[in-house]
Amino acid sequence: MNATPRTSFPHTLRRIPKPTHFPSRPHKLPTSHSRIRVLATQNAPKPANSCPQNAHHDPGNLSLWTANEIAEAVNGRIVKWGSPGTISTDTRALESSQWFFAIAGANFDAHDFITPELSRKGCVGVIGNRVCDNWDKGFVEISGDTVNSLVKMANYARHRFHGAMVGVTGSVGKTTTKSMIALALESLGNRVYQSPGNWNNRIGVALSLIGIPRNAGSVILEMGMSAKGEILELARMARPSIRVILNVGPSHLENFASLEEVAVAKGEILAEVEPGDVCVLNADDPLVMSLPIPYGVKKVLFGRREGCDVRLILAESVDGGLGVRVVLEKNKEKMEFQIHSPGLHLATNACAAAAVATLLGASLPQVGMCLSRFCPVRMRSELEVAKNGIKIVNDIYNANPVSTKAAIDLLKSIDCCGKRVSVLGDMLELGAFEMESHEMILNHCCDSSIDLVCLVGKRYFAAAENLNLFDTINTVHAHDVATLALEIVKRLDCNDVVLVKGSRAMKMERIVDAIKAMNMQSPCLY
């Protein structure tokens, strides 16, 4: 998080006695016994592609491990000494001065990739069951299951960290909210570390803990799951002092019989809390609010409901749908700021981030100032303008019914001089809810008056046939991404706005690349 120096932005704070500057809107701002501050962000620079909340990727900022510490952490034996370094489990991404932790899984064995080439790349040592012949760098030998040894190392790292540990789970919004929390905590001046990307499974959380810098004051991790018991294991490993549940929705339903079962699985993050820990809950989600809270644990609520500790007063699209104006309230103080990114769902993420950041000592104005610098996490509601003029909402990282509906709403909110086009790939892992979910999304496209609906995958095809959609709206379907890409580029113009969304396995990035590569024959007229 703090890999780059904090940048000064030309924001100012001004106090306004009453919120009379707001035009009439559905969500009125109560004014009695309250204060409101406005962050003057309308002239602020748009966030660059290199976002402050994404600065944690530099391995030089992570924790250095000595051979002795590694051996102690994994209960291993030092066969050959190596220099201190950070830890990697991927030979393809391994950089100089890193130890390679060789993981043996059910379908692969990373020991097979230990070659002299690793040494030439700058690898300082191997942690694993074995090395290749003539290995000339460090080697800490472990016996037995390598993943269990990785978890041991993570537990060791967690034991020596004494700052605030935030764990975030939910069906949608984990990565974005994690990044917002990290950004909001910048105002406190302490070093903030967040898990890279979406490292939210057993290996990802373990590596995130192993990578905590020694001088970190706060750590934010996301925790995902696809089956019962997984969140519990991650929570035992990370032992968060602040545990956040964003929402419960229809994702990974192939392993659950109902949304109530999903809620119970998400609630595992609360199972082994300790007195003094804090749980941060979405008050607008009935399934989240139905979860039992252990005795002695402080409960902090965020959302639109009256009585929330941090309340979302207003969220509205601005700048032609390219930004979101947000008003939050805490202890009768209100703060308005603008997020320079499309999508009203970002306001709820910001509200959750504010609930966490204010718990840790940030003021609401500080939170607003920081979040006004937010830009989207890569491939999550990421707005890109291609050289040919087409606006692309790149939301291809993953998809479930909740996030896809939000993405269609985002598309609808963006000003458009041409066509609004939704390119949707199958949503996977929905089990018995598969057909119902795909039909719901297609009905939402119809209700939203999307000009062109492009579909790829057998699930959307079956749902469209059930709804007789091919005869009622402008629709294109293909069974594979490559074929759909060829059809889409024939139908797009430079003033169009295109949403691309689908489950990760659908490889929707190929659609994005095809649109970017289009060469328009005539200039756009704006």
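User: Which strand does E8 pair with over 4 bridges, and in what sense?

Analyst: Two strands are said to pair if DSSP finds at least two bridges between them, and in this predicted model E8 pairs with strand E11 (residues 242-245) in the parallel sense over 4 bridges, with Thr 169 standing opposite Ile 245 in E11. E8 is also joined by 5 bridges to strand E10 (residues 216-222), again running parallel, and there Gly 167 stands opposite Leu 221. Strands (E, at least two residues) and helices (H or I, at least four) are DSSP runs numbered from the N terminus.

User: How should I read the two faces of E8, and are they buried or exposed?

Analyst: In a regular strand the side chains alternate between the two faces of the sheet. Here Ala 164, Val 166 and Val 168 lie on one side and Met 165, Gly 167 and Thr 169 on the other, and all are buried, where buried means under 20% relative accessible area, exposed over 50% and partly exposed in between (1.4 Å probe, protein chains only). Because 6 of the 6 residues of E8 (residues 164-169) are buried, the strand is largely enclosed by the rest of the structure.

User: Where is Met 379 placed, and what is its phi?

Analyst: Met 379 is in the loop between helix H10 (364-371) and strand E17 (382-385), and its phi is near 65°, a positive value in a residue other than glycine; at 9% relative accessibility Met 379 counts as buried.

User: What conventions apply?

Analyst: Residues are numbered from 1 along each chain as its sequence is written, and side-chain values use heavy atoms, leaving out hydrogens and water. Local features need pLDDT of at least 70, side-chain atom pairs count only at pLDDT 80 or more, and totals for chains, interfaces and linings use all residues.
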